[in-house]
Each structure stands twice: as C-alpha cells, then as structure tokens.
Amino acid sequence: MTRRPPPYGKSVAAVALVATTAEVLACPELDEDMLAPWERRRLTDIRVPARRDDVVAARLLLRLCASRATGLPPRDVAPAQRCPGCGRDGHGRPFLPDHPGLGASFSHADGLAAAAVGPGQVGIDVEPLTRPPGPLPVLRRLLPADAVDAARAEPDPGPALLRLWVRREALFKAGFEAGFAGGSKAGRDDVRLTEWTDHGRGAVVALAGADEVLAPLLSSGPAPPSGR
C-alpha cells in the first residue's frame with residue numbers, strides 16, 4: 001500500500017495502486033454511490049456484469065489515489081474526463097478539475113484495476129499475466145519493430161510482448177506516446193517508464209510519468225508498491 005502523502009499544496013507525491021476488482025469493491029473507504037451521474041449513465045451501456053464491475057473498480061480506485069495525493073476524503077474527489085481529440089467531456093483522459101497540477105490515469109482488465117495520480121502527466125496500464133499478446137501485425141504497427149523483434153527472440157515471447165504493450169499504453173495515457181522506445185526512459189530524458197509484475201494478483205503493470213515525479217515513488221525498490 002502506498003503511504004499517504006502530505007495534503008495537496010505542500011509536498012505532493014505520486015500515488016499508484018493496483019488491486020483486484022473484488023478488493024476495490026470490498027474496500028470500506030469506497031462505494032459506487034461516489035460516482036458522478038455522468039459516470040453512472042455510462043455504466044448503463046455496459047451489458048456484461050463483470051466488465052461493469054471492473055469499470056466501477058477502476059473509477060473508485062482513482063478516487064482513492066487522488067485522496068492519498070491530496071489529503072481529501074475519497075468522496076470529496078471529483079474526477080472528470082475530456083477527449084483530447086474532440087474536446088468533449090465525459091470520455092477520454094481523466095483529470096482532476098479542482099487540482100489542475102495533478103495528472104490522473106486509470107486502467108481495468110478482467111478482474112483487475114489500476115490507478116495513478118501525481119504531479120504533471122501520468123499514465124498507468126494493467127493487463128492479466130495470462131493474456132496473450134495481440135496479433136503480430138497489430139503489434140508491429142503500434143510498437144517499435146526492433147523492440148517487437150527482441151521480445152519475440154526471448155525464450156517465452158508472450159510475456160515479453162505483453163510487457164511492451166502495457167508500457168506503450170501507459171505512455172499513451174500519459175500523453176508521451178511519441179517517445180516510446182521500450183526502455184525505462186521511454187526515449188526521453190524527462191520521462192520515466194517502469195513496468196512490474198504483481199504475481200499475487202496475476203497482473204502486469206506499467207506506469208509512466210515525469211522522471212522527477214516517479215523517482216520518489218521508485219526510491220524504495222525497483223517497482224512501485226501495488227495493491228492496498
């Protein structure tokens with residue numbers, strides 16, 4: 001579990017959490033009624049109950065991250081979303097209207113949820129360890145060819161390709177997709193990209209953000225703390 005930082009406006013640290021959907025929905029600090037009306041309206045379009053639970057869990061986990069980054073109760077945090085393409089609200093990259101200096105990101109996949117909040121741009125992605133990588137033509141189109149070739153040359157290429165994919169998604173969500181190079185520095189001097197495996201939850205996770213933002217989060221070990 002990530003230690004709660006000082007209140008916003010003093011010394012804000014990045015906060016990243018990974019959990020199973022069941023863990024989030026059972027968390028006493030969180031409840032679905034925290035979601036905004038526009039979020040609940042979007043849930044009505046989800047017909048698969050398990051996927052609906054994943055979406056709810058990711059949105060609640062984002063509130064918990066924001067709570068720990070700002071010092072506010074989770075219920076007092078009000079994330080929003082805005083699409084950088086069309087400029088409309090209600091979809092696209094999440095943000096915290098009351099805290100413009102903080103970036104926010106969340107992810108969900110097959111019983112897993114992840115979220116991150118921190119100064120500047122941040123992005124997080126989670127996938128099940130057992131998920132096979134996408135079709136090779138798609139991977140080659142979206143990932144650097146040399147990185148794909150190197151992953152395919154490994155004894156077990158599936159997990160290597162999956163790690164590449166979550167790194168790319170984390171960078172995309174943070175707005176750094178143009179700098180993807182597959183490494184810890186994401187091809188840029190000011191961007192930190194890290195990936196880790198949560199074996200207990202069967203998850204592979206990637207986190208992207210400004211180097212000075214993620215460095216304190218990584219200072220206690222090779223990967224950020226995960227879960228609660």
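**The cavities and their surroundings**

The lining of the largest cavity is formed by Leu 72, Asp 76, Val 77, Ala 78, Pro 79, Leu 96, Pro 97, Asp 98 and His 99. A cavity here is a set of points, on a 1 Å grid over the protein atoms alone, where a 1.4 Å probe fits but cannot get out, and lining residues have an atom within 4 Å of a point. The model is a predicted one, in which local features need pLDDT of at least 70 and side-chain atom pairs count only at pLDDT 80 or more, while totals for chains, interfaces and linings use all residues. Residues are numbered from 1 along each chain as its sequence is written, and side-chain values use heavy atoms, with hydrogens and water left out.

The space in the largest cavity amounts to about 50 Å³. Such a volume is the space filled by probe spheres set on the grid points, which are joined across faces, edges and corners. By class, six nonpolar residues, one polar residue and two charged residues line the largest cavity. In this grouping Ala, Val, Leu, Ile, Met, Phe, Trp, Tyr, Cys and Pro are nonpolar, Asp, Glu, Lys and Arg are charged, and the others, Gly among them, are polar.

Two cavities of 30 Å³ or more are counted. The largest share, three residues, is from α3. By class, the lining of the second largest cavity has six nonpolar, one polar and three charged residues.

The largest pocket holds about 520 Å³ of space. A pocket, by definition, is an open set of grid points with protein on both sides within 12 Å along at least five of seven lines. Its lining comprises 22 residues, of which Gln 81, Gly 92, Phe 106, His 108 and Lys 173 are the closest to the centre. Two or more lining residues come from each of α2 (37-43), α3 (49-70), β3 (93-95), β4 (102-109) and α6 (157-174). The largest share, four residues, belongs to β4. Seven nonpolar, six polar and nine charged residues make up the lining of the largest pocket.

Of its 228 residues, 48% are buried, where buried means under 20% relative accessible area, exposed over 50%, and partly exposed in between (1.4 Å probe, protein chains only). Among contacts with a separation of 6 or more, 57% are between residues 24 or more positions apart; a contact means heavy atoms within 4.5 Å.

Salt bridges number 15 in the structure, each being a side-chain nitrogen of Lys or Arg within 4 Å of a carboxyl oxygen of Asp or Glu. One of them pairs Glu 23 with Arg 201 at 2.8 Å, N to O. Glu 23 lies in helix α1 and Arg 201 in the loop between β7 (191-198) and β8 (203-210), so this pair ties together parts 178 residues apart in sequence. Another joins Asp 33 and Arg 75 at 3.2 Å, N to O. Asp 33 is in the loop between α1 and α2, and Arg 75 is in the loop between α3 and β2 (80-82), 42 residues away. Both count as partly exposed, Asp 33 at 48% relative accessibility and Arg 75 at 49%. A further salt bridge links Arg 163 and Glu 154 at 3.7 Å, N to O. Through shared partners, Glu 154, Arg 163, Arg 167 and Glu 195 form one network of salt bridges.

Two individual positions complete the account. Thr 21, in helix α1 (residues 21-25), is buried at 7% relative accessibility. Asp 110, in the loop between β4 and β5 (112-119), has a positive phi of about 45 degrees although it is not a glycine, and counts as exposed at 54% relative accessibility.
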